[in-house]
Amino acid sequence: MPLALVETTMASLLQGFLSRLSRTRYHTPYLPSSVSLIQFSTLQVTSNPLMDEPTDNQIKIPSNINEHDVLNQLSDLLPIRCSTSISKPFTENSPKEQLKTRAVDGFLSPGEKLRGVFIQRLRGKAAIELALSNVGIDLTIDIVSEVVNRGNLGDEAMVVFFNWAVKQPKIRKDVDTYNVIIKALGRRKFVEFMVEVLKDMRSQGISPNYETICLVMDSFIKAYQVSKAIQMFRNLEEFGGKCDTESLNVLLQCLCQRSHVGAANSFFNAMKGEIPFNCMTYNVIIGGWSKYGKIDEMERCLKAMVADGFSPNCLTFSHLIEGLGRAGRIDDAVEVFHHMEEKGCVPDANVYNALISNFISTGDFNETMKYYNAMVSGNCEPDMNTYTKLIVAFLKVRKVADALEMLDDMVGRGMIPTTGAITSFIEPLCRFGPPYAAMMIYKKARKVGCGISLRAYKLLLMRLSRFGKCGMLLTLWDEMQESGYSSDTEVYEYVINGLCNIGQLETAVLVMEESLRKGFCPSRLIWSKLNNKLLASNKVERAYKLFLKIKVARQNDNARRFWRANGWHF
């Protein structure tokens with residue numbers, strides 16, 4: 001194609017572009033309409049001084065122009081330089097002072113930062129380990145446990161992270177560290193990767209302990225792979241373990257706890273003569289049958305125990321009493337208890353707890369307190385299980401005074417109830433009546449330094465809100481936040497509902513606005529209740545402004561729900 005034709009085409013196209021640009025509402029100072037075209041062409045192109053637009057006679061473009069040829073000629077006339085004037089601020093040679101970036105993950109915990117590396121879906125273990133190292137976390141075993149136990153890491157990701165973690169200087173490569181990843185993999189039923197970790201332990205010269213064996217066996221059984229658990233027991237020596245009596249007891253205990261008593265009994269009979277039994281072996285099987293009230297199986301195992309030269313101990317009698325109670329033979333259970341005393345076997349807390357549980361199941365609280373008093377007077381110290389059974393039983397039948405007296409007795413003996421126990425005490429009290437008894441238990445628990453769960457706080461807030469005790473509710477809300485718990489939608493709804501019940505509408509509106517600022521959108525029921533009360537109080541403008549804020553918040557909430565439904569966690 002002749003060079004003159006290309007230049008003519010270029011000049012006409014550029015002149016047309018400039019004429020269209022001059023008619024737009026945004027004028028650019030860098031491309032004036034009177035720009036010279038001499039640098040592009042040696043031809044003289046006349047311009048229209050009125051509109052800066054060439055006439056049809058001036059523009060004569062042949063119809064047989066090949067676009068590909070034009071582009072080739074343009075590339076020769078206007079070559080693209082390799083070096084540009086655009087600066088590159090994020091290069092390796094740039095000084096660190098120019099990189100003024102603000103950390104946006106400062107609110108994340110160390111475990112969340114490490115788990116966030118796997119969201120990037122990096123390719124290759126080397127890239128993942130480099131990214132983990134660049135996080136800059138002072139790694140400890142607690143952080144390792146947090147990463148593998150929380151969140152939703154996959155099996156391979158958990159193993160890759162653990163392999164990187166054991167290379168860090170502050171992480172000891174011992175059996176306790178390996179138990180952390182074995183427990184996490186077993187909890188998620190990643191049994192194949194769990195076996196690979198066991199092989200890695202063996203290659204590192206680390207032998208599993210009985211806790212490791214318990215975690216492995218329980219993981220197989222929980223995944224409904226009982227045959228593999230038994231096969232793993234037979235192959236323990238390949239992983240550095242021992243097929244001894246203690247390992248057998250661990251396997252049988254795991255089977256009985258997961259309701260596989262029949263399989264445990266069959267394997268128990270199969271191993272007779274191969275591995276020596278002890279008293280604990282028989283107690284495990286008797287305890288497994290006692291949960292189902294199988295008296296015949298219990299008696300058969302007891303006879304085999306005596307024939308093998310083992311005398312029943314307190315744990316054996318506690319299982320027998322529990323099994324008889326589950327079978328409805330309470331009188332026989334009492335007879336076993338007295339027969340035990342006649343033989344000179346002093347009952348311990350487990351025996352008394354089994355007998356007390358039998359009377360609680362029948363609702364005979366007179367006999368329950370009789371044996372509790374006999375337990376205290378017989379120099380047998382009640383344990384936490386004793387008090388928990390009694391207090392929960394009293395609360396279920398609404399004997400609140402007796403439950404509070406029992407709680408005082410427990411605290412007086414120096415026993416601090418667990419967080420779960422306090423929650424089990426508060427829950428039945430929040431189902432009936434005023435919240436005073438529940439608040440008494442809460443205050444006693446805080447006084448002795450017992451931790452309160454978030455569920456317990458929500459139960460108390462719900463009950464106080466329903467009865468309009470807003471002074472106590474706001475105080476409890478402050479104490480909940482002081483304990484380290486963050487308020488969520490449910491908490492804000494309880495507070496707003498309680499304030500509405502006593503007519504504190506302005507305070508309720510402030511709490512509602514705070515929840516909206518934090519990204520929590522209360523339910524339509526709570527919003528309607530507050531809106532109706534505002535309208536009834538002639539606060540129409542206040543209600544309308546709040547409506548606009550809730551409208552925007554609900555749109556954002558719906559958008560977040562859509563994001564999360566599609567896996568976009570923003």
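Which side chains meet in a salt bridge at 3.6 Å, N to O? The side chains of E513 and R542 do so, a salt bridge being a side-chain nitrogen of Lys or Arg within 4 Å of a carboxyl oxygen of Asp or Glu.

## Basis of the model

This is a predicted model, in which local features need pLDDT of at least 70 and side-chain atom pairs count only at pLDDT 80 or more, while totals for chains, interfaces and linings use all residues. Residues are numbered from 1 along each chain as its sequence is written, and side-chain values use heavy atoms, with hydrogens and water left out.

## Overall architecture

The protein contains 28 helices and zero strands, these elements being DSSP runs (H or I of at least four residues for helices, E of at least two for strands) numbered from the N terminus. Of its 570 residues, 41% count as buried; buried means under 20% relative accessible area, exposed means over 50%, and partly exposed lies in between, with a 1.4 Å probe and protein chains only.

Among contacts (heavy atoms within 4.5 Å) between residues at least 6 apart in sequence, 62% join residues at least 24 apart.

## The enclosed helix α6

Helix α6, residues 155–165, is largely enclosed by the rest of the structure, because eight of its 11 residues are buried. These buried residues are A157, M158, V159, V160, F161, F162, W164 and A165. They pack against α3 (110–116), α4 (125–134), α5 (141–149), α7 (175–187) and α8 (191–203).

The structure holds 24 salt bridges in total. In the pair formed by E513 and R542, distant parts of the chain are linked, since E513 belongs to helix α26 (residues 505–517) and R542 to helix α28 (residues 540–565), 29 residues apart. E513 counts as buried at 12% relative accessibility, whereas R542 is partly exposed, with a relative accessible area of 26%. Both residues also belong to a network of salt bridges that links E506, E513, K539, R542 and K549.

Helix α28 also carries K545 and E541, which are four residues apart and therefore separated by about one helical turn. Their side chains meet in a salt bridge at 3.4 Å, N to O. K545 counts as partly exposed at 46% relative accessibility, while E541, at 57%, counts as exposed.

## A pair within α15

In helix α15 (residues 314–326), E322 and R326 lie four residues apart, about one turn of the helix, and their side chains meet in a salt bridge at 3.4 Å, N to O. An α-helix has 3.6 residues a turn, so residues three or four places apart point the same way. E322 counts as partly exposed, with 23% relative accessibility, and R326 is exposed, with a relative accessible area of 53%.

## A negative surface patch

D331, E335, E341 and E342 form a negative surface patch. Such patches are made of residues with over 30% relative accessible area and no salt bridge, like charges being joined within 9 Å and nonpolar side chains (Val, Leu, Ile, Met, Phe, Trp, Tyr) within 5 Å.

Notes. Accessible areas come from the Shrake-Rupley method with a 1.4 Å probe; for residues, only the protein chains shown count as cover. Lys and Arg count as positive and Asp and Glu as negative; His and the chain ends are not counted. The place of a charge is taken as NZ of Lys, CZ of Arg, CG of Asp or CD of Glu.
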